[in-house]
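The report that follows is meant for someone meeting this structure for the first time. It begins with one residue and then turns to the wider picture.

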Amino acid sequence: IVLALGVVAITSNFTSKGLGEIQVELVDLEGNTESKTIVFNEGDTLVSLIEENYDNVVIEDGMVMSIEDFTTASDWSTFISINVDDEASMVGIKEINFTDGTKISFVMTKFIYE
């Protein structure tokens with residue numbers, strides 16, 4: 001039973017518990033920012049809000065592969081990282097909790113090979 005509950009928690013989408021607004025930013029490799037305020041209703045998910053408000057949205061296994069003009073390179077030399085209130089998200093887009101005033105940033109990031 002515990003294992004089944006764990007699987008449900010991992011695969012379920014976070015849904016908002018109320019009404020509000022989130023600030024969404026797209027940040028390119030040079031640090032240029034495009035910002036949009038999105039209103040949400042109770043029960044909305046971040047995935048649905050992003051898909052409704054942006055073009056060219058591709059999400060695979062909780063990772064944002066493409067949004068607007070940002071596309072993860074096939075060799076992973078660049079990728080789209082997600083920050084929540086200016087801190088790196090430790091979960092995929094489907095599991096990100098948000099409330100009124102949350103800032104979500106999709107940051108085009110260059111992979112540094114070492």
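Where is the place of W76? In this predicted model, with side-chain atom pairs counted only at pLDDT 80 or more, local features need pLDDT of at least 70, whereas totals for chains, interfaces and linings use all residues. Residues are numbered from 1 along each chain as its sequence is written, and side-chain values use heavy atoms, with hydrogens and water left out.

W76 is found in the loop between β5 and β6 (78–84), where helices (H or I, at least four residues) and strands (E, at least two) are DSSP runs numbered from the N terminus. W76 has a positive phi of about 60°, although it is not a glycine. With a relative accessible area of 39%, W76 is partly exposed; buried means under 20% relative accessible area, exposed means over 50%, and partly exposed lies in between (1.4 Å probe, protein chains only). E68, which is not a glycine either, has a positive phi of about 55°. E68 lies in the loop between β4 and β5 (70–71), and its relative accessibility of 25% makes it count as partly exposed. As background, most residues other than glycine have a negative phi.

**The chain as a whole**

The secondary structure of the protein chain comes to two helices and eight strands, and along the sequence these follow the pattern α-β-β-α-β-β-β-β-β-β. Of the 114 residues in the protein chain, 35% are buried. The chain exposes about 7,100 Å², of which carbon and sulfur atoms supply 53%, the accessible areas coming from the Shrake-Rupley method with a 1.4 Å probe, and for residues only the protein chains shown count as cover. Among contacts (heavy atoms within 4.5 Å) between residues at least 6 apart in sequence, 55% join residues at least 24 apart.

**Aromatic pairs**

Rings of Phe, Tyr and Trp (its six-membered ring) pair if their centres lie within 6.5 Å, and planes under 30 degrees apart count as stacked, over 60 as edge-to-face and the rest as tilted. By this rule the count comes to two aromatic pairs, which are set out below.

| Pair | Centre to centre | Angle between planes | Type |
|---|---|---|---|
| F14 and F98 | 5.4 Å | 75° | edge-to-face |
| F40 and F98 | 5.0 Å | 85° | edge-to-face |

F14 lies in the loop between α1 (2–11) and β1 (20–27) and F98 in the loop between β7 (87–88) and β8 (103–110), so their pair ties together parts that are 84 residues apart in sequence. The pair of F40 and F98 also links distant parts of the chain, since F40 belongs to strand β2 (residues 33–40), and these two residues are 58 residues apart. Through these ring pairs, F14, F40 and F98 are linked into a cluster. F14 and F98 are both buried, and F40, at 2% relative accessibility, counts as buried.

A ring also takes part in a charge contact: the charged end of K36 sits over the ring of Y54, 4.2 Å from its centre. A charge sits over a ring if NZ of Lys or CZ of Arg is within 6 Å of the ring centre and within 35 degrees of the ring normal.

**Helix α2 and its cover**

Which residues of helix α2 (residues 46–53) are buried? They are L46, V47, L49 and I50. Seen down the axis of α2, these buried residues fall within an arc of 165° (that of the directions from the helix axis to the C-beta atoms), so they line one face of the helix. An α-helix has 3.6 residues a turn, so residues three or four places apart point the same way. What covers the buried residues of α2 includes β1, β2, β3 (58–60), β4 (63–67) and β8.

Three strands form an open sheet in the order β3-β4-β5, with antiparallel pairing; two strands pair if DSSP finds at least two bridges between them. β3 and β5 stand at the edges, each with a single partner strand, so one side of each is left without a neighbour in the sheet. β3 is joined to the antiparallel β4 by three bridges, and the bridge partner of E60 in β4 is M63.

T72 lies in the loop between β5 and β6 and is buried, with a relative accessible area of 10%. Leaving aside neighbours within four places in sequence, T72 is in contact with V64, M65, T78, F79, I80 and M108. T72 and M108 are 36 residues apart in sequence, and their C-alpha atoms are 8.1 Å apart in space.
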